[in-house]
Amino acid sequence: MIPAMADVRIDEIDGLDVAAVTHAKLSTIPAGATLAQARAYFAASTSRRLAFVVDDGRYVGSLTPGDLPVDGSPDDPVTPLAWVGPTVRSREPAAVGRDLALASDSLRVPVIDDDDTLLGVVAVNRTREWFCGTG
């Protein structure tokens, strides 16, 4: 039996795959979003450290609050600002997702399938002890 997400420590994942530590309930930013919409997205929650830009459910790239220019027009599109960093597949070992998340400033890595559909995120909490999310 796979433990509940809240019960999974980052050092207790032997035998688990990324799917077992994926937080699937996440919000995204559509590829057509504006700078104003991206700012509002980050302002809505202090836990939003990384935004995923998607086009019809497919992962286009990521944004952090620091990627948003302070002098840009609110109507400027955000897609050109999105960057594609490491991603992970749900069938890979959980340790791969953990290590990629820990190597990022946001402590997050997107989980995608073979056609780049965004399935969720592997997210580690700020103390670097637990996976975030409820599965």
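Biologist: Is Arg9 buried, partly exposed or exposed?

Modeller: This is a predicted model, and in it Arg9 counts as partly exposed because its relative accessibility is 23%, while buried would require under 20%.

Biologist: Which residue forms a salt bridge with Arg9?

Modeller: Asp11 does, with the closest N and O atoms 3.2 Å apart. Arg9 and Asp11 also belong to a network of salt bridges that includes Glu129.

Biologist: How many salt bridges does the structure hold?

Modeller: There are six. Among them is the bridge between Asp115 and Arg58, whose closest N and O atoms are 3.1 Å apart. That pair links distant parts of the chain: Arg58 belongs to strand E3 (residues 58–63), whereas Asp115 sits in the loop between strand E5 (108–112) and strand E6 (118–123), and the two are 57 residues apart.

Biologist: And how exposed are Asp115 and Arg58?

Modeller: Asp115 has a relative accessibility of 35% and therefore counts as partly exposed. Arg58, with a relative accessible area of 36%, is partly exposed.

Biologist: Which side chain meets Arg91 in a salt bridge?

Modeller: The side chain of Asp114, at 3.0 Å from N to O. This pair also links distant parts of the chain, 23 residues apart: Arg91 lies in the loop between strand E4 (88–89) and helix H2 (94–102), and Asp114 in the loop between E5 and E6. Both Arg91 and Asp114 are exposed.

Biologist: Let us turn to the strands. How do E5 and E6 run, and how many bridges join them?

Modeller: They run antiparallel and are joined by five bridges. Opposite Leu118 in E6 stands Ile112. The hairpin of E5 and E6 has five residues between the strands, and Asp116 there takes a positive phi near 70°.

Biologist: Why is E6 described as largely enclosed?

Modeller: Because five of its six residues are buried, E6 is largely enclosed by the rest of the structure.

Biologist: One last topic, the rings. How many aromatic pairs are counted?

Modeller: The count is two aromatic pairs. In the pair of Tyr41 and Phe42, the ring centres are 5.4 Å apart and the planes stand at 80°, so this pair is edge-to-face. Tyr41 is buried at a relative accessible area of 11%, and Phe42 is buried at 10%.

Biologist: Is the pair of Phe52 and Tyr59 stacked or edge-to-face?

Modeller: Edge-to-face, because the planes of Phe52 and Tyr59 are at 70°, with the ring centres 6.1 Å apart; the angle for edge-to-face is over 60 degrees. Phe52 and Tyr59 are both buried.

Definitions and conventions:
Residues numbered from 1 in each chain as written. Heavy atoms only, no water. Salt bridge = Lys/Arg side-chain N within 4 Å of Asp/Glu carboxyl O. Buried < 20%, exposed > 50% of the residue type's maximum accessible area, 1.4 Å probe, protein only. Helix = DSSP H or I, 4+ residues; strand = E, 2+ residues; numbered from the N terminus. Pairing = 2+ DSSP bridges. Phe/Tyr/Trp six-rings, centres within 6.5 Å; stacked < 30°, edge-to-face > 60°.
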